[in-house]
Amino acid sequence: MRLCPLLTAVLGLVFGILSPAVAQDKTATVPASSAASDAQVEGYLFFAANDASAPAQEEKVVADAAVLTALEGKLKKVFPYSHFHLIGRHTQKVFKEYESWVVPSKDLCLKIDSRGPAAEGGVNVHLQLWQDTKVLVKSDSVLRADKPIFLGGPHWRTGRLIFVVRLK
Amino acid sequence: MNATPPPDDFNEELMTRWIDGQLTPAELEAVERALAADPHLSLEMESARHVGSLLREHLPAALEPASPEFFTSRIMEEVQGAPVLALLPPSKDRRIGLMSWLRQPWFAPLASASVVALLFLAANGSRSGAGSTEVARVYAPDPNVVATAFYSEEAGATVIDLQGLEAVPADREIRAFDVADSGPAAPGQPRVFHAANDPDRALLVMAPDTVDGPRFRELN
């Protein structure tokens, strides 16, 4: 099929611009020990339900009570559930130019690629929410202090799994 | 090369070089004569040159897109949402037949979408809000999943809501942990996650290759 020169030029320009970033994603590995971090984030996995009894968990999860209370208050304003049971938590540095993983659960985890500091504070990030080996959603976001990101995930039993990420 | 190319030489290559300002004086003179004699041709050439100038004007010399994964979805969204530009009526003049792609239904939306997508990409890098967490774009690879992003003023949080996901089977246990900062690991080596309350206790090991998704081994 013959493509017109202008169209070819347009597509060439665009894909030429995009290709380095694609390559960067493919080659992302773990950082060297000297790698600098852009931020430290906390990932929380909640089970939201109207049932007050939390699901049985082998591992005990401890979080700052004030942070947890504030998060639950915010979650209630978005998701129509009365109880938000914290079942997993992971604090993780986010490294420049390398992928970071927030893994409060191996069943639902978050890949974070830092895109550097945001103009008015916080960090530009590319997020990928994974369930097992399937990526559920990709997002470009800005993480700012006291402004968490809520990811409403799959339903489970009588409620729903919700992943929360915030700057620590 | 003829000093005054005949109209049949009015091909795509000539038009591209005209857009880029690379014609010889003789070619330019011939083109201008042809344009003056044919209003349809003139309009189409101007339209093509306009697209080219928009691209040059808004394309930064070095642009790192926020995420290349979103390119296709952005283009498709813009194609679906872009108004179809008024297209010229077909010309009866066969001399411009070689540029008939300009009148193809897909050209105007695609050109518009390309420009808009590039503008979006260019603007996205410096986009910032008034102190709020922002979601520039969300993309769910599974076509059955609808991803919606919004900022909740009431909650002071960005919300990414996923609808259409398969529910996790009720009999499946969700294995969750309280995990400490994993710290850096050597290149090519598995990443080990330790318990927050016991730095010596390894909980999970993640395989180093995550291109096809994370693969974990749980440690008891």
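**A buried leucine and the cores of a predicted complex**

L203(B) is buried, because 23 other C-beta atoms lie within 10 Å; a residue counts as buried if 20 or more other C-beta atoms, placed from the backbone, lie within 10 Å of its own, as exposed if 12 or fewer do, and as partly exposed in between. The model is predicted: local features need a pLDDT of at least 70, side-chain atom pairs count only at pLDDT 80 or more, and totals for chains, interfaces and linings use all residues. Residues are numbered from 1 along each chain as its sequence is written, while chains are lettered from A and ligands numbered from 1 in the order in which they are written.

L203(B) belongs to strand β6 of chain B, which covers residues 198-206. Here helices (H or I, at least four residues) and strands (E, at least two) are DSSP runs, numbered from the N terminus. Leaving out residues up to four places away in sequence, L203(B) touches F177(B), V179(B), F193(B), H194(B), A195(B) and L219(B); a contact requires C-beta atoms, placed from the backbone, within 7 Å. N220(B) is 17 residues from L203(B) in sequence, and their C-alpha atoms are 7.0 Å apart.

Chain A has two helices and eight strands, in the order α-β-α-β-β-β-β-β-β-β along the sequence. Of its 168 residues, 50% count as buried. Among contacts in chain A between residues at least 6 apart in sequence, 58% join residues at least 24 apart.

In soluble globular proteins, nonpolar side chains tend to be buried together. A nonpolar core is a set of buried Ala, Val, Leu, Ile, Met, Phe, Trp, Tyr and Cys residues joined through C-beta atoms within 7 Å. The largest such core has 62 residues, and those with the most contacts inside it include F46(A), V137(A) and I160(B). Strand β1 of chain A (residues 37-49) gives the most to this core, with seven residues. Beyond four places in sequence, V137(A) is in contact with L129(A), V138(B), Y139(B), A140(B), A147(B), I160(B) and L162(B). Apart from this core lies another, of nine residues, including I19(B) and M45(B).

The predictor gives the complex an ipTM of 0.81 and a pTM of 0.63. Its confidence in each residue is the pLDDT, from 0 to 100. Chain B has a mean pLDDT of 71, with 53% of its residues at 70 or more. Over residues 60-65 of chain B the pLDDT is below 50, and this stretch has 10 contacts beyond near neighbours in sequence. Where pLDDT is low, the predicted coordinates should not be read in detail.

Technical notes. Contact = placed C-beta atoms within 7 Å. pLDDT = per-residue confidence, 0-100.
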